[in-house]
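Colleague: Hi! Could you walk me through this structure while I have it open on my screen?

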Amino acid sequence: MNKDQKKRKTIIPVGPYHPLQEEPEFFELEVEGERVVKLNIKIGYNHRGIEKLSESKHFDQVTFLVERICGICSTSHPFAYVQAVEDLAGIEIPERAKYIRCIIGELERLHSHLLWLGLAGHFIGYNTLWMWAWKYRETVLDLCEQISGNRNHYAMMRIGGARRDILNKEIDELKKKTATLTSVLNMFKGAVMDDPVIAARTKGIGILTKEQAINYCVVGPTARASGIDIDVRRDSPHNSAYNLVEWNVPVLPDGDVFAKVVVRILEMLESVKIIIQCLDRLKDLKEGEIWNEVRDIPAGEGIGTYEAPRGEVFHYVRSDGGNTPFRHKVRAPSYMNILSNEVAVIGGDIADACITLAAVDPCYCCTDRIQAVENRPACPLRQSSSEASHSSGRKLKYNWEQLLKLSQEKTKRILSIKNQVSK
Amino acid sequence: MENKIKERLGNRVVNWEKKNERRYYIEIKKEDVEEVTQILFKELGLRFSIASGIDTIDNFEILYHFSADNEDKFFSLRVKISKEKPEIHSISKIITAAKWIEREIWELLGINFIGHPGLERLILTEDWPKGVCPLRKDFTNEQRPEKA
Amino acid sequence: MNKGKILSRSIWVFHFCSGSCNNCDIEILDALTPRFDLERFGIKLVGSIKHADCMLVTGMINKKGATRLKFLYDIAPKPLAVVAIGACACSGGIFEPSYYTYGPVDKIIPVDAYIPGCPARPEALIDGIVKVVKKLST
C-alpha cells in the first residue's frame with residue numbers, strides 16, 4: 001500500500017458501549033470513500049469474569065449467576081447450564097417441567113426478536129416499526145411477569161426441573177394473551193416483507209455465504225439465513241418439550257440482511273405455536289410436579305446447549321465432586337456470530353454498515369456512539385495506547401448520529417426514487 | 001459418525017471415553033491437534049462449537065468441542081498440556097472461528113498458541129500485568145492491578 | 001440563578017454501561033417507547049455527554065469502563081446528575097467479588113441517586129429521575 005492510498009483510508013470507530021448487546025464490542029470500520037474495506041473488532045468491554053465467579057458459587061446459585069450474563073437471553077443461559085449439569089449427573093426431569101421450560105424459553109425468544117426487529121427498523125429509518133415492535137413487546141413482558149414475577153430475569157430454571165409452576169387456572173388467560181400476538185406478528189410480516197423500501201435496503205446487503213458461515217461456525221438465525229439447517233431445539237431436544245410439540249424451522253438460502261429479518265419473523269410465529277401447544281398440554285398434567293430432587297452432583301463433566309434467540313448457547317461444566325463447579329465454560333452465540341461481520345460488511349456501502357453489523361443481532365442501539373477523532377487520540381472512549389495508535393494520523397469524519405442519518409437518508413432517497421417512478 | 005471418527009483417527013486416539021449416547025470425550029496427543037481438527041472439521045464436516053481451557057492443577061487441558069448437529073452428538077477432543085511448557089499449535093488457520101477463543105485462552109490461562117495470526121489481548125485491558133491469568137487456580141484477587 | 005433549575009425541564013440523558021447484563025439498559029430504552037413514553041416530557045437519549053444533563057450508569061463497572069467513566073464525568077458540563085441504575089451499579093451486585101470489578105459507581109464518581117432492582121423497572125426509573133430532578137432544583 002503506498003502513501004496516497006493510506007491517506008485516503010478513513011477509520012470509523014463504532015462503539016465500544018452498546019447498551020443493548022450481550023457482549024459490547026468495538027468495531028473499527030476502515031473505509032475508502034463510501035466502501036468498507038476492513039473491519040477490526042475489539043471486545044471485552046463487558047467482561048465480568050463470570051466463569052471465575054461461577055467456581056466460587058454453589059451449583060444451585062450458579063443458575064442465578066448465569067442468568068445475569070445477558071438480560072435478553074436470561075433464560076437461555078440457565079437453560080443450557082441446567083442441561084449441562086443434568087448431562088453431568090444423568091438427571092431426567094418431569095414432563096410438566098419440560099413444558100414450563102419451553103414456554104418461558106419461547107416467550108424470551110419473542111421479546112428478543114421483537115426488540116431486534118424494532119431496532120433494525122430504527123437503523124434504516126423506519127421508526128414506526130421500532131415503536132410498534134416495542135409496544136407489542138410489552139405484551140410478552142406482561143406474560144413473563146405473570147408467569148415468573150419479573151419482567152426480565154425469570155429464574156425459572158432449576159437443576160432437575162423448573163423452579164416455579166404455572167397455575168392451571170391461569171392457563172386460559174395466558175393462552176388468550178399469547179394468541180393476540182399472532183395477528184400482530186402477521187402485521188409485521190406484511191409490513192416488512194411486502195415493503196419495497198425495506199427490500200431495497202436489505203436485499204443483497206451484507207451477504208454471508210454458506211461457505212463463510214460454515215467456516216465462521218455461526219449459529220442461530222444468522223446460520224439459518226445462510227442456508228445452514230441447524231436448530232438446537234430440534235436437533236437436541238433432551239430434557240425439553242420441543243420434540244413433543246409441532247413446529248418448523250425456517251431456513252433461507254440467501255444470507256443477506258433481508259433473509260435474517262424474515263427468518264426471525266417466521267421464527268416468532270413458530271414460537272407462538274409452541275407456547276400455545278405447551279400451555280394446552282400443561283392442563284392435562286398434575287400441578288406441582290415440576291422438579292426431581294437433586295442432592296449431590298458427582299464428579300464428572302457435562303455439556304449443555306440451548307437455542308437462544310441468537311443461536312446456540314454452550315455450557316460446559318466440570319465437577320470434582322464438591323459443592324461448586326470446578327470449571328464452567330460459557331459460550332454465548334454472539335461470540336461466534338459477531339466475528340462473521342469481518343466478512344459480511346466488506347465491500348458494502350458505509351450507509352449499510354449500520355444494518356449489516358446489527359443483522360447478527362448484537363443488539364446495537366440508538367444511543368450508541370461513534371466518536372469523531374481528528375488526528376489526536378483525545379476521544380474519551382478511545383484512550384488505551386494501541387487504540388490510539390490505530391487512529392493517529394488519520395482523519396475521522398463521521399460520528400454515530402451522522403452515520404445513522406446517512407443510513408436513514410439512503411432510505412429516503414430510495415423512497416423518493418420509488419415515488420417518482422410510480423408517478 | 002462415531003465409527004467414522006474412530007476409523008479416521010485410528011491410533012491417534014489416546015483414550016476414547018463415551019460418557020453417554022450424546023457425549024464423547026476423545027483424548028489425543030497435543031502434537032496431533034492440527035491434523036485431527038483438519039479431519040473432524042474439513043473432512044467429516046463437524047461444527048466447531050468452542051474450545052475450553054481448564055487448569056486441572058496438575059496440568060492444563062484444552063477441550064475442543066465439535067458438534068454433529070444432525071445426530072445430536074458432541075465430540076470433545078481432550079488435549080493435555082504440561083504446566084512447564086504451556087504451548088500448543090493453533091488451529092485457527094483451519095477454523096477461522098477459533099481465532100477469538102485461542103486469544104481468550106491465551107490471556108486468561110496463559111497457554112501459548114504457536115502459529116496464531118494475531119495473538120493479542122481480547123478481553124482484558126492492555127495494561128493487565130503479563131503472567132497474571134485469572135482462570136488459573138492459583139489466581140487470587142490480590143494479584144490483580146490495584147488501580148483501574 | 002439556580003443552576004439546578006435548568007435541569008427541571010426536558011432532561012437530556014446520556015447512558016453509560018459497563019459490565020452490565022444490559023437488562024437495565026433495555027429497561028431504559030423501554031421507558032422511551034410507547035407504554036411509558038418518557039419522550040413526551042422531552043426526555044431523550046443523546047449520543048454525547050457534552051449535550052447531557054443527566055448520566056445514567058449501569059453495570060458493575062469493569063476495568064475497561066472505569067477509566068472511561070471517570071474521563072466522561074470530568075469532561076461533562078456541570079451540573080450533571082448522575083444516577084446509578086440497577087443492583088450492580090449501586091453495590092456491585094452479584095459481580096462484586098469478581099476480579100474485573102472496579103466499581104461500584106460511587107467509588108469512581110459522585111452519585112446523586114440510586115435506583116436499585118435487578119433490573120430496575122421502568123416505573124422505578126421514572127420515579128428515580130423525578131426525585132433527582134426535585135433534589136437538584138431545590
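Modeller: Happy to! In chain A, buried residues account for 59% of the 423 residues. Keep in mind that this is a predicted model.

Colleague: Good to know. How many helices and strands does chain A have?

Modeller: Chain A comes to 17 helices and eight strands. As for its contacts between residues at least 6 apart in sequence, 72% join residues at least 24 apart.

Colleague: And how is chain A divided into domains?

Modeller: Domain 1 covers 3–45 + 348–422, and domain 2 covers 50–335. Where they touch, domain 1 of chain A gives 25 residues and domain 2 of chain A gives 26 residues.

Colleague: Which elements give two or more residues to the domain 1 side of that contact?

Modeller: Those are helix H15 (350–359) and helix H17 (400–422) of chain A. H17(A) has the largest share, with seven residues.

Colleague: What classes of residue are on that domain 1 side?

Modeller: The side of domain 1 that touches domain 2 has 13 nonpolar, six polar and six charged residues.

Colleague: Let's move to helix packing. How do helix H5 and helix H12 of chain A cross?

Modeller: Helix H5 (residues 95–123) and helix H12 (residues 257–284) of chain A have axes that come within 9 Å and cross at roughly 155 degrees. Angles over 145 degrees count as roughly antiparallel, so H5(A) and H12(A) are roughly antiparallel to each other. The crossing of H5(A) past H12(A) is left-handed.

Colleague: Which residues make the contact?

Modeller: On H5(A), they include A:Arg96, A:Tyr99, A:Glu106, A:Leu110 and A:Trp116. On H12(A), they include A:Val261, A:Arg264, A:Glu267, A:Met268 and A:Ile275. By class, the contact of H5(A) with H12(A) has 15 nonpolar, two polar and six charged residues.

Colleague: And what about helix H7 of chain A against H12?

Modeller: Helix H7 (residues 171–193) of chain A and H12(A) have axes that come within 10 Å and cross at roughly 165 degrees. That makes H7(A) roughly antiparallel to H12(A). This crossing of H7(A) and H12(A) is left-handed.

Colleague: Which residues meet there?

Modeller: From H7(A), they include A:Ile171, A:Leu174, A:Leu185 and A:Phe188. From H12(A), they include A:Val261, A:Met268, A:Ile275 and A:Leu279. The contact of H7(A) with H12(A) has 18 nonpolar, two polar and three charged residues.

Colleague: Switching topic: how many residues take part where chain C meets chain A?

Modeller: That contact takes 36 residues from chain C and 38 residues from chain A. On the chain C side, the elements that give two or more residues are strand S1 (12–17), helix H2 (23–30) and helix H3 (63–75). The largest share of that side, seven residues, is from H3(C). By class, the chain C side has 18 nonpolar, 12 polar and six charged residues.

Colleague: And how many for chain B with chain C?

Modeller: Five residues come from chain B and six residues from chain C. The chain B side of that contact has two nonpolar, two polar and one charged residues.

Colleague: Now the backbone. Where are the cis peptide bonds in chain C?

Modeller: One runs from C:Lys78 to C:Pro79, with omega near 5 degrees. C:Pro79 lies in the loop between H3 and strand S4 (81–85) of chain C. Another cis bond joins C:Cys118 and C:Pro119, with omega about -10 degrees. C:Pro119 is in the loop between strand S5 (113–115) and helix H5 (122–137) of chain C.

Colleague: Which residues have a positive phi although they are not glycines?

Modeller: A:Asn239 is one, with phi of about 55 degrees. You'll find A:Asn239 in the loop between helix H11 (232–235) and H12 of chain A. Another is C:Asn22, with phi of about 65 degrees, in the loop between S1 and H2 of chain C.

Colleague: Are those two asparagines buried or exposed?

Modeller: A:Asn239 counts as buried because it has 20 C-beta neighbours inside 10 Å, and buried means 20 or more. C:Asn22 has 32 such neighbours, so C:Asn22 counts as buried too.

Conventions:
Residues are numbered from 1 along each chain as its sequence is written. Chains are lettered from A and ligands numbered from 1 in the order in which they are written. This is a predicted model: local features need pLDDT of at least 70, side-chain atom pairs count only at pLDDT 80 or more; totals for chains, interfaces and linings use all residues. Two residues are in contact if their C-beta atoms, placed from the backbone, lie within 7 Å. Ala, Val, Leu, Ile, Met, Phe, Trp, Tyr, Cys and Pro count as nonpolar, Asp, Glu, Lys and Arg as charged, and the others, Gly among them, as polar. Helices (H or I, at least four residues) and strands (E, at least two) are DSSP runs, numbered from the N terminus. A residue is buried if 20 or more other C-beta atoms lie within 10 Å of its own, exposed if 12 or fewer, and partly exposed in between; C-beta atoms are placed from the backbone. Axes are lines fitted to C-alpha atoms, for helices over the stretch in contact, and angles run from 0 to 180 degrees between N-to-C directions. Angles under 35 degrees count as roughly parallel, over 145 as roughly antiparallel, 65 to 115 as roughly perpendicular and the rest as oblique. A crossing is left-handed if the near helix is turned anticlockwise from the far one by less than a right angle, and right-handed if clockwise. Domain bounds come from an automatic or database domain assignment.
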